[in-house]
Number of protein chains: 2
Amino acid sequence: MINEQYKKMLEGKSIIRQLSEFATDRGRQIGYENVFDYSLGNPSVPVPEKFTEVMKELLETRSSMELHGYSPSLGIVSVKEKIADSLNRRFGMNYTGNHIFPTTGAAGAVAHALRCVTSAGDEVLTFAPYFPEYNLYVNMTGARLKVVPANTWNFQINFEKLEEMLTRQVAALLINTPNNPSGAVYSAETLKELSALLERKQKEYGHDIFLISDEPYREIVFDGVEAPYVSKFYDNTLSCYSYSKSLSLPGERIGYVAANPRCRDAELISAICGQISRGIGHNCPPSIIQLAVAEVVDETSDMAVYETNMNLLYDELTSLGFTCVKPGGTFYIFPKALEADEEAFCRKALAYDLVLVPSGSFGMPGYFRMAYCIDTEKVKRSLPALRRFVEENYQ
Amino acid sequence: MINEQYKKMLEGKSIIRQLSEFATDRGRQIGYENVFDYSLGNPSVPVPEKFTEVMKELLETRSSMELHGYSPSLGIVSVKEKIADSLNRRFGMNYTGNHIFPTTGAAGAVAHALRCVTSAGDEVLTFAPYFPEYNLYVNMTGARLKVVPANTWNFQINFEKLEEMLTRQVAALLINTPNNPSGAVYSAETLKELSALLERKQKEYGHDIFLISDEPYREIVFDGVEAPYVSKFYDNTLSCYSYSKSLSLPGERIGYVAANPRCRDAELISAICGQISRGIGHNCPPSIIQLAVAEVVDETSDMAVYETNMNLLYDELTSLGFTCVKPGGTFYIFPKALEADEEAFCRKALAYDLVLVPSGSFGMPGYFRMAYCIDTEKVKRSLPALRRFVEENYQ
């Protein structure tokens, strides 16, 4: 019999998808270059050339049985070691390959990490504004997601609210820095305070509280901003990474869970993820992608365009009177809408071919998100439309 | 807090893995070419050359943003259409792309199909001998797996036992033809009788009973045997496929769920799988692999070696007095052990560097499995060892 719970999930059509469909339809009418589509977080720069070269070399030089054969169920050992070495070199950690569990992107990583450290009925805390898919990842484990309200002036952690909500039922916190949708980067001070609070609560409650750190934007930080490595601050940290953004290959679904070597059962986390993976039929990421990415772990695509776009948008938005925290990274910006009903605001923007995402699904009404992973030339062309939209509707 | 249920799963170390480790260790001592390793189902023939060519062409001709960008969450439309067309052409079905949900191999396919058509507390029936991973796929949905005993003289379905166990609690049957580990192929008669029984029980109970057909060995059938297409016989069928065996690329994790266009909610199955996928962080298979496989959907690797090996082994085993159903396909054979304790039997074989898998984990004690996806030359060299093993221990 069809599972009614999953079937019911189909009813809530994602607003981002609806917007994206609008953009595609409108593009057919007026040319997609004239639709200022700020809806989707699809990287807009090419993969590093070396990735393509390595892929071709693997196809030309390896025996196909070796290249395309089953990888070990916990991932290819040499790949895990290269990832560990890179993290150790860059962030002063001491991972071994055994602490790394390769996954299909950050989605796979976060979903595995959550299952690993929660049980049915547990609570997981995250922080507004947050990536809407967290609801699904958490709900499907049987745990419950609760959302800590934001400090709206800087999108760092609201510790007063956090302490209130950090009850004995909380098994894990799920953070995302640099943040989708706000672009905020947690400072070293924030992470120190968070760590101290979690240490204190672990003692008080007598059980572990894990920090699941979702970091697909770790490599996209802007001038003058430093993105501290979360796991350096708190032992019970599982870092969840994806190469989607840093290498511009979101379709290839490759990322990992990295268990802090000092966390509870550190040597078992990979193996536990492996058991979870067997049951849900996730399995390893594809072998050729594992092998190719391992050769470019220290590279990134040329992502300068994101900062250029951010500065153009930030300057225009603030000059138009928007309240807006300046992003420290990612390719998102999250200004306050000019009316309380952010859906009405975004609907009105469509008349100017501006596709903006209303903030409701990010757990925080009254704002909107712009994903500026598009050509700078298009960002520039969108600014007069943005100005007209504001002037004709809100002045 | 670490999830104790998953942690506990680590205790039961897989016997296949232990055997495989023995084979590797022994290989270090005497050379792996002298270990007659029949433990693992890893294809031993190369991928079709065209697959490699298509991969290289994609890397050379497509823009990297297009090639490696996010695929739609339900899979790349053109890929799904090519898969549907191929199935329609070959099996007289009438799938559209919408009925196809690309997954990471058959594991992903079976796990999604199970979640799609069961709810917590439901029963799922499978048939001995069966692939041990079914336990995990079913358990993690909250449903319960029950095993229908085998007809040991031909490994077709034991309908008397099946009807007894097919209670109102059963939401789905999980079959695997051609079968791992027995090599048996369900005949058209078997499938007709199964379909008639399921139709009758659906009416009696007033609810759907889905047939989940796990078919990774569909393309590996031997001379004189026909593998009927299961979904032709019963409307409520979800076919689960993997290209791992037919294209020899198990490491690339690519397969699909194909929903019979006449099954309940046929137009929604893909979308429901998509929701499941979001929650467990499975997502699509990688875009480049989807695109490449779509160009070789009608091809297979040259798999003649499997039949050659099967005949060599079958002849030797029967001449040595083993009771053994002749496989109709796959690269497995499943003879009766020469003593009741199949683990003792397999342990004794190790002294002859014969790595055989005892049948306990396949839900049927007293047998052993040989995976003959190895070089024919090695199969030939193993025969004298097999003879010595039998003569010195059982004659």
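**Close-up 1. B:Val230 sits in the loop that links strand 6 (210-214) to strand 7 (237-242) of chain B.** Helices (H or I, at least four residues) and strands (E, at least two) are DSSP runs, numbered from the N terminus. This is a predicted model, in which local features need pLDDT of at least 70 and side-chain atom pairs count only at pLDDT 80 or more, while totals for chains, interfaces and linings use all residues. Residues are numbered from 1 along each chain as its sequence is written, with chains lettered from A and ligands numbered from 1 in the order in which they are written. B:Val230 counts as buried because it has 24 C-beta neighbours inside 10 Å. (The cut-offs, with C-beta atoms placed from the backbone: buried is 20 or more other C-beta atoms within 10 Å of a residue's own, exposed is 12 or fewer, and partly exposed is in between.) Leaving out residues up to four places away in sequence, B:Val230 touches B:Thr177, B:Leu191, B:Leu211, B:Ser213, B:Thr237 and B:Ser239. Contact here means that the C-beta atoms of two residues, placed from the backbone, lie within 7 Å. B:Glu342 is another story: it is 112 residues from B:Val230 along the chain, and their C-alpha atoms are 32 Å apart.

**Close-up 2. Helix 5 (residues 77-91) and helix 11 (residues 287-294) of chain A cross at roughly 35°.** Their axes come within 9 Å. Axes are lines fitted to C-alpha atoms, for helices over the stretch in contact, and angles run from 0 to 180 degrees between N-to-C directions. The crossing is left-handed, as the near helix is turned anticlockwise from the far one by less than a right angle (clockwise would be right-handed). Helix 5 of chain A brings A:Ser78, A:Val79, A:Lys82 and A:Ile83 to the contact, and helix 11 of chain A brings A:Gln290, A:Leu291 and A:Ala294. By class, that gives four nonpolar, two polar and one charged residues. (Ala, Val, Leu, Ile, Met, Phe, Trp, Tyr, Cys and Pro count as nonpolar, Asp, Glu, Lys and Arg as charged, and the others, Gly among them, as polar.)

**Close-up 3. Chain B meets chain A through 65 residues of chain B and 65 of chain A.** Elements giving two or more residues to chain B's side include helix 1 (4-9), helix 3 (49-61) and helix 10 (269-280) of chain B. The largest share, nine residues, comes from helix 6 of chain B. Chain B's side divides into 31 nonpolar, 24 polar and ten charged residues.
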